[in-house]
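Visitor: Could you take me on a close look at the place where the two chains meet? I am new to this, so please go step by step.

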Amino acid sequence: MTRTLLRRLALSIPLLFVVTILTFVVTGLTPGGAAETILGTSATSAKIAALNQQLGLNQPVYLQYGHWLEHAVHGNLGTSVLTGESVTTILGHALPVTLSLIVGAVIVAVVIGIPLGVFSARRARSGGQVVDAVSLVGFALPNFFLGLMLGYVFSNVLNWFPASGFTPLTQSFTGWLSSIALPVVTIALPGAAMIARQTRQGMLDVLGRDYIRSLRARGLPERSVIYKHALRNALGNVVTQLGIYIVGLLLATTLVENVFAMQGVGTVAVSATSEHDLPVLEGAALYFTVVVVIAFVLVDLARAWLNPKLRRSH
Amino acid sequence: MTVPLAAAGKPHARPRLSPLAIVAMVVLAVLILAAIFAPLIAPYNPIAENLSAAYQGPSAHHLLGTDEFGRDLLSRIIYGGRVSLLGVAEATGLFVLIGLPLGLLAGYFGGVLESAISLIAEVSFALPQIIVVLAVLALVPDSTASAMIVLGVLGAPALAVFISGAVKSVRAELYISAARVTGLRPGRIIVRHVVPAIVSPLIVQVSLFAGVALLFQTGLDFLGLGTQPPQPSWGSMVADGATYLGRDLWMVLPPGLVIILAVMSFGLIGDALQDARADRRRTTTAGARRRAPAIRPLSSARDQLTVPADAALTVRGLSAETTGASPAAIVEDVSFSVRAGGCLGIVGESGCGKTMTVMAMMGLLPEGVRTTAGQILFQGQDLRTCTPRQYSQVRGSGIAMISQEPVANLDPSFTVGHQITEVVRHHGGLSRRQARARMIELLEQVQLPDPGATARRYPHQLSGGMAQRALIAIALAANPAVLIADEPTTALDVTVQAEILDLLRRLREQTGLAVILVSHDWGVIADACDAAIVMYAGEVVEEAGIDDVFDQPRHPYSYELMAANPRYANQPRTPLPSIKGTVPAVGEWPDGCRFAERCRFAAAECRAAEISLDPVADGHWSRCLRNTEVPQLKLENA
């Protein structure tokens, strides 16, 4: 298992560099940029130049990146060009929102998707049609639209959940749950559909294998054959897809955060984009990439646990 | 992009499209044409305001109602389509333009190129696309085109990996090798052979990506990052509708629904193409035969077969057929008995029904096959009358089974030890510690070295011989009375084969285990069994004690099968002996003797009518009219 871990971490370091450098380089190409945005359209070129000087924005890009990296390694991500607030503070408030949504979505998607997939695999033909239909709807439904509809029905009309805002876990457990319920369901449904489909295909594949017949010949109960043996072998691909799903959740959370007026990392990144607040955008890029890295590490570990052939320790 | 790879079909294969897919294509065509001809079709100017007509629902004047400025929603949707569909075209264009050639090259040439693309793809999967797109939008604000191009570029490695995989599987096909041999240049090979074969999977991936791109584009617009007002776009219309949701629910619905419609159409095309190919594969392998089977009456002599007193298992008149519209017989009137401590061989080529017979005994017939007659008498009951629950208790603790391909018969995710203790605990209810002790005992009984270490191993770490021993241990775990061994040594090499057969003999002697050994190899049968039945085309054609049948076979098929064994090939540089022809397929059994086609003794009378299985000597039965003419086997080099 350690080898898998090291390999994944080895791949992740370049990833962190690629993302942060890319973000820096691309945004750094903006003419004028932050200074102009801060001072507004009426600013004179002299004032813009002065602010650029002050913020170090007229230095060559690689020098700017170098400074940023140096500070980042020491945990200092700089301050917002617009508000002067520390980037780590801003993102520190935003991260719990994003994490609550991502973790919540993964849990809900798995809890709904896997049983649905197993159930439909056992009823091969009709189950397949159900899962395919659900999959298609899950694929086609834009999450921002679904969020709006769910919000309308369950908040505006039924008043079961708050229409907007995020209650931190530290403040109130039930408040936190009810504030994330609708956004989580919104982004989890397509995930559940995808997982159901993947689980079903995995199960159908596994159920055709020789060892399934052998397990039945041993007199083992059918529920053990399906849930203990077949499912475990079928989950490998599902777990891999989960990694890709989590990457997609970065965008999905950004969209539902907008619908439900929550300030997650994605929302912070989007405003930083329109305001040319480079340090904040860089910080968001870093945080997102770290989330992805952690997700992939967990996915790799899960796959190694499920499939003994992936472990190298023997 | 999360779609699993379906194997590429032959070139120029035309997949059937379901009606749903055709509807989807029509819908997309309508949307695209509406977008292109927007100025001609749209009833109103999409940005013309008319505040007196604001917040209207659908009406005769405004088919889809109006928004907060009184602008006609239908017209805005038609024009909005231009932005979104153009964005999809941009992203998909880059996706294919970069992904397809890279995939083709990587798949065809393999090596460093393939590894490089694999690596790039791995990194691109992990890249938070949103960040890269945001960075680009920081550079070129409000530019949908830039964002969509970036999306296409970021997605291309995934297509490259997919296409590369498809190309590799096509590469292996014979016609590519043929083209290479005839000297076509790689470029022409790619174009002429590989491309047609991957067109289908390519369309699937592209349509799915198009759906994703559309969701992405509308999402960007929703966030206000792409198209700016007053230009209409589906995403920004949803955002507008959201603002006024409390006041006017309707506004948000038309743009939302049209997005769903469009994405669903992309998805349906992808799905439909996949299913069409999968369906074709399924129907060519299954398929009921048309011929009505000839039902033979139970031969009266066999009908009187009494159950021997020391029989562990007796099968009488067992018949099985396929289910479905036109059932075909697979096994007909098979009877035999095996005593405790004895070993009965069932011999025949593949397709003669031996595996189906033993599967019927285990109650593990596959879908589409069922028993129709006969009795399976075991420990005082007829297993054919058992409920599935009862049968599951008999399996393992009463009758156990081992098969060909031992490693494939073990669950790859669990250790050998676990798979043994699992059976021990299920049938015996022992505690963990007791089960573990029993497990070690069993591993010793099957003579696996270092039982403790072996128990910790996973199936992929075992050789064929070790795996088969482990499976025998599992089979013995619940102390069965009968062990069915279906071609247990076929996949193993000869020395290991001898050890496994030895083991089975020892187990019979030590525990009184009754063994039914199924094989096509008379050598194995001779080695291990004390009696044998020979099966051909679903029926028993000869039955005798092992010495008797080898001394004097009484059916031409038994003789031919014995002679066809390579180890009896007498002279160097003579062709290997083999039986000409093949076993008649299920449903195509002739009325007379089923072996007549391939038999050197066949006469008119053989083909005329059904032949019954009759006694030809003490304990020796044959289904042959000319059984006295069957020669003895000269085993010069045996």
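Guide: Let us begin with a word we will need: a residue counts as buried when its relative accessible area is under 20%. With that in hand, please keep in mind that this is a predicted model. Of the 638 residues of chain B, 53% count as buried. Chain B is built with 22 helices and 12 strands. Among its contacts between residues at least 6 apart in sequence, 70% join residues at least 24 apart.

Now to the meeting place itself. On one side, 68 residues of chain A take part, and they are in contact with 74 residues of chain B. Together the two chains bury about 6200 Å², and 71% of that lies on carbon and sulfur atoms. In chain A, the residues that lose the most area to chain B are A:Phe139, A:Phe144 and A:Arg218, which together make up 11% of what that side buries.

Between chain A and chain B the count is 1 salt bridge. A:Lys228 forms a salt bridge with B:Glu422, and their closest N and O atoms are 2.9 Å apart.

Which parts of chain A supply the touching side? Helices that each give at least two residues include H1 (2-28), H6, H7 (143-157), H8 (173-207) and H10 (222-259) of chain A. H10(A) gives the most, with 13 residues. Sorted by kind, the touching side of chain A divides into 39 nonpolar, 17 polar and 12 charged residues.

For one residue on the chain B side, find B:Val252. You will see it in the loop between helix H9 (234-243) and helix H10 (253-285) of chain B. B:Val252 counts as buried because its relative accessibility is 0%. Setting aside neighbours within four places in sequence, B:Val252 is in contact with A:Phe145, A:Leu148 and A:Met149 from chain A, and with B:Val238, B:Gly241, B:Ala242 and B:Leu245 from chain B.

Let us return to H6 of chain A, one of the helices on the touching side. Two packed helices are described by the angle between their axes and the distance between the axes. For helix H5 (residues 87-122) and helix H6 (residues 124-140) of chain A, the axes come within 6 Å and cross at roughly 145°. H5(A) brings A:Leu116, A:Ser120, A:Ala121 and A:Arg122 to this contact, while H6(A) brings A:Ala124, A:Gly127, A:Gly128 and A:Val131. These residues divide into 4 nonpolar, 3 polar and 1 charged.

B:Glu405 is in the loop between strand S6 (399-402) and helix H14 (416-428), and its phi is near 50°, a positive value in a residue other than glycine. B:Glu405 counts as partly exposed because its relative accessibility is 43%. B:Gln447, in the loop between helix H15 (432-445) and helix H16 (451-455), has a positive phi of about 60° although it is not a glycine. B:Gln447 is partly exposed, with a relative accessible area of 44%.

How values were computed
Residues numbered from 1 in each chain as written. Chains lettered and ligands numbered in written order. Predicted model: local features only at pLDDT ≥ 70, side-chain atom pairs only at ≥ 80, totals over all residues. Heavy atoms only, no water. Axes fitted to C-alpha atoms, helices over the stretch in contact; angles between N-to-C directions. Helix = DSSP H or I, 4+ residues; strand = E, 2+ residues; numbered from the N terminus. Contact = heavy atoms within 4.5 Å. Nonpolar A, V, L, I, M, F, W, Y, C, P; charged D, E, K, R; others polar. Buried area = accessible area lost by both parts, 1.4 Å probe. Salt bridge = Lys/Arg side-chain N within 4 Å of Asp/Glu carboxyl O. Buried < 20%, exposed > 50% of the residue type's maximum accessible area, 1.4 Å probe, protein only.
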